[in-house]
Amino acid sequence: LLAVVNKIGKTLATILKQIFPAWVCGQYDTSPTTASIATNSFEKAFPSKKVADVFAYCEQELLDYFIKNLTVLNSQTVCNPKTHTPEECEAKYIRVLISSLRGYALYLEKISPEKLEQSKDKNLAIVESDKFWSYNKNKTPQIRAAFFEALSSLLQNAAFLLQKNDEQLTSIVFKSIDESDPALLSHIWSCCILVQLKIENWAKHVNVNKMLLPKMWKILRSALHPCVIYPNLLPLVSKFDKVLLPNDELHNFYVNFFENLKFGFVNAQMGKSETSAVTSAYFEILQ
């Protein structure tokens with residue numbers, strides 16, 4: 001791609017639609033060298049003020065690429081099993097999934113709301129696919145992280161596409177709040193806050209006493225990844241009032257909340273930045 005940009009210059013538009021989808025996703029390849037070259041050539045070819053226009057120009061090709069990679073391909077069809085070992089096929093499939101999910105997140109960010117509405121059917125082909133939702137259970141943490149990154153972008157930029165998946169989405173997000181991978185957690189907690197903002201009846205899909213509160217106490221008592229989680233605690237619990245817990249239960253919630261938070265603060269081994277995150281969360285919620 002870098003060679004193509006250098007060679008043909010301004011005539012790039014003649015072949016742009018053919019190469020643009022792979023170019024976008026190449027920036028998220030799990031090979032750092034590949035991702036770096038794709039990003040550098042992309043930035044060289046497209047000034048930042050023109051990027052949204054290029055995404056709009058190539059939108060249909062991008063969507064076809066995402067639909068194929070995220071809903072059709074598998075490890076047996078991503079490359080020729082006669083010339084590649086099963087391990088090579090699986091490794092390539094993982095790279096394709098990660099880069100496509102993250103590329104889809106970028107597409108949603110760059111495309112205008114009007115364009116997203118016009119392309120609703122193709123976007124729904126992705127979002128309403130069972131295969132798309134299965135990525136939240138994938139054994140590869142990077143795939144799960146990319147899935148939640150795409151989900152976060154959907155909630156921010158195209159929540160209307162998720163109307164039929166409110167219950168499934170809310171359940172997946174809140175069941176995942178105690179994940180152990182910090183890279184994954186940042187996207188999960190972003191989704192938690194966005195679910196509360198974007199989904200009107202989110203609370204009715206959350207099993208509070210059997211699922212949410214046990215996970216919350218576990219997180220607080222272990223002081224799990226404070227720099228990732230704790231800045232999100234205030235916006236999270238501020239929505240619990242009336243929406244999630246009746247008044248008599250709300251008092252008990254806060255008593256347990258501060259007791260568990262104090263336990264984690266006292267017993268966990270934390271550095272300066274972690275201590276600061278926990279302290280800030282404590283006083284924000286206390287206020």
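Let me begin with what a pocket is here: on a 1 Å grid over the protein atoms alone, it is an open set of points where a 1.4 Å probe fits, with protein on both sides within 12 Å along at least five of seven lines, and its lining residues have an atom within 4 Å of a point. A volume is the space filled by probe spheres set on the points, which are joined across faces, edges and corners.

This is a predicted model, in which local features need pLDDT of at least 70 and side-chain atom pairs count only at pLDDT 80 or more, while totals for chains, interfaces and linings use all residues. Residues are numbered from 1 along each chain as its sequence is written, and side-chain values use heavy atoms, with hydrogens and water left out.

The largest pocket holds about 250 Å³ of space, and its lining includes Val5, Phe46 and Tyr57.

The second largest pocket holds about 160 Å³, and of the 13 residues that line it, Cys25, Asp29, Tyr65, Val96 and Ser99 are the closest to its centre.

Let me stay with Asp29, which sits in the loop between α2 and α3 (32-45), helices being DSSP runs of H or I with at least four residues, numbered from the N terminus. Asp29 counts as buried because its relative accessibility is 16%, the limit being under 20% with a 1.4 Å probe and protein chains only. Its side chain reaches the backbone nitrogen of Ser31 at 2.8 Å. Leaving aside residues up to four places away in sequence, Asp29 touches Thr34, Ala35, Arg95 and Ser99, where contact means heavy atoms within 4.5 Å.

Conventions:
Helices (H or I, at least four residues) and strands (E, at least two) are DSSP runs, numbered from the N terminus. Buried means under 20% relative accessible area, exposed over 50%, partly exposed in between (1.4 Å probe, protein chains only). A polar contact is a pair of N or O atoms within 3.5 Å; within protein, one must be able to donate a hydrogen and the other to accept it, and residues adjacent in sequence count only if both atoms are side-chain atoms.
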